[in-house]
Amino acid sequence: MGVFSGHWPSESELDKIRNKVAELSGRDAQEVRLVISPYRICPLGAHIDHQGGSVSAMTINKGILLGFVPSNDSQVTLQSAQFEGEVLFRVDEVQLPKHMSETNGLTEQIDLSTPQEECKWGNYARGAIYALQSRGNHLKTGITGFICGSEGLDSSGLSSSAAVGVAYLLAFESANDLVVCPTENIEYDRLIENEYLGLKNGILDQSAILLSSYGCLTFMNCKTIEHKLIHPPEVQNNHEGERGNAYKILLAFSGLKQALTTSPGYNRRVVECQEAAKVLLQASGNEELEPVLSNVKPEDFEVHKSKLEANLVKRAEHYFSENERVLKGLDAWASGNLKEFGDLITASGLSSIQNYECGCEPLIQLYEVLLRAPGVLGARFSGAGFRGCCLAFVEADRAEEAASFVKNEYFKLQPNLASHLNQGPAVLICDASDSARVISNTFSQLD
Ligand code: GLA
């Protein structure tokens, strides 16, 4: 019953992929199945998923499309619209984890905006097989596929890597007639990222991609895996008969592709949170618990925070305050109070800057510009916040005005970086979207 929002993917985009896969595989375009795997945003709940915190998320109407046909044997053959080369392997080959630099964390993830060597982009498909194999699924059927990220979009900050991982999981499962529920796929994608690629991230990204539903806010408690969809109070029909919203989602791109060398890596912050948890658990007589901040009671943090180094107090402060903002945000969303929801997003953005210390100058400037833009309800970094983009919720009828304001003002502050955005949009106006899904044959199956 998904509502198809914002015309992504268009029928012509889908047809292009069907034809490409038909050409690669020698099969009929009607046989081609498609995975639609959207990018995600996290309005509230940044950087607390890996500590077992509560997060909120939704998907947007941009993302990954993967067209495929099941092979007649175990062979996997993949090509990409963004990456060079061809990925070739067999689903019955045993896949072993890759090793990744501890300090670089997210900066090592693939960037869909630039061509990559085969060895890098093929990792997500191999990682999906690793995840399925390590939970006892031994697949027999490979795929011939073609993968494509939303055109001209610098996807860093939107979790393109989880969207890619989920897309491969859904394709391999479909080709092998495996029925897998979203929570199992959340775990499989965690195995791709944590075990196969060595990133210490949480389950926010894939939860958003697998669980979201149009117009709802997805809530996930990353410790208990309890999740629910928070419906807004009322959704009107727009003039085309689609459900419309009072808000749009703005994505403002910084032009930064690489993490600045002075930026601390994602994994380093995760370790700092664990160190803070360890000290607090010891101080409160709970040292037998796993050192993650969700095992620390907020009152124990208040009593024992003086035992932490100054930087660790800030990381824990971010964790506890962000958890509270998420819970308040659910109520604001459920009651349709977009102003309060927006204020919470902005406060979350500030905590990322002051407590989690994960921004860098251009991203902070972009955040500040967004807050001055007409109609903006709230803004923050999107994703890991070491490069990439910022997101904002904006009143729908002022979205265009806000987008051009941000574009002009950011250009004044960062002319060099802004000029790197020539090939893609500086600011994108998006709508919320649905969860990842597989479709076959006709477009009507999107509904
Ligand atoms: C990345 C990680 C997520 C999450 C966010 C920050 O997207 O993959 O697990 O930690 O950063 O909220």
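First, the ground rules. This is a predicted model, in which local features need pLDDT of at least 70 and side-chain atom pairs count only at pLDDT 80 or more, whereas totals for chains, interfaces and linings use all residues. Residues are numbered from 1 along each chain as its sequence is written, and side-chain values use heavy atoms, with hydrogens and water left out.

On confidence, pLDDT is the predictor's own confidence in each residue, on a scale from 0 to 100. The protein chain averages 89, and 88% of the residues score at least 70. By contact I mean heavy atoms within 4.5 Å.

Now the overall picture. The protein chain has twelve helices and 14 strands, where helices (H or I, at least four residues) and strands (E, at least two) are DSSP runs numbered from the N terminus. Buried residues make up 60% of the 447 residues; buried stands for under 20% relative accessible area, exposed for over 50%, and partly exposed for what lies in between, with a 1.4 Å probe and protein chains only. Among contacts between residues at least 6 apart in sequence, 77% join residues at least 24 apart. The chain exposes about 17,800 Å², of which carbon and sulfur atoms supply 48%; such areas come from the Shrake-Rupley method with a 1.4 Å probe, and for residues only the protein chains shown count as cover.

Which residues of α1 are buried? They are Leu14, Ile17, Arg18, Val21 and Ala22. Seen down the axis of α1, these buried residues fall within an arc of 140°, so they line one face of the helix; the arc is that of the directions from the helix axis to the C-beta atoms. They pack against β1, β2, β5 and β14, while on the other side of α1 we find Ser12, Lys16 and Glu23 exposed. After α1 comes Gly26, with a positive phi near 75°.

Helix α11, residues 399-413, can be read in a similar manner. Its 15 residues should span 21 Å at 1.5 Å a residue, and its end C-alpha atoms are 21 Å apart, which agrees. Ala399, Ala402, Ala403, Val406, Glu409 and Tyr410 are its buried residues, and they cover an arc of only 145° around the axis, which puts them on the same side of α11. Their packing partners are β10, α10, β11, β12, α12 and β13, whereas Glu400, Lys407 and Lys412, on the other side, are exposed.

Helix α5, residues 204-211, is another matter. Eight of its eight residues are buried, so α5 is largely enclosed by the rest of the structure. What covers them includes β1, β2, α3, α4, β6 and β7.

Finally, some single residues. Ser348 lies in helix α9 and, at 0% relative accessibility, counts as buried; leaving aside its neighbours within four places in sequence, Ser348 is in contact with Pro43, Leu44, His318, Glu322, Arg325 and Arg380.

As for cysteines, the structure holds zero disulfides, a disulfide being a pair of cysteine sulfur atoms within 2.5 Å. Cys222 is in none, the nearest cysteine sulfur, that of Cys42, being 8.9 Å away. The sulfur of Cys360 is 9.0 Å from the closest cysteine sulfur, in Cys390, too far for a bond.

His47, in the loop between β1 and β2, has a phi near 60° and counts as buried at 6% relative accessibility. Asp177, in the loop between α3 and α4, has a phi of about 50°, but counts as exposed at 67% relative accessibility.

Key: The expected span of a helix is 1.5 Å times one less than its number of residues.
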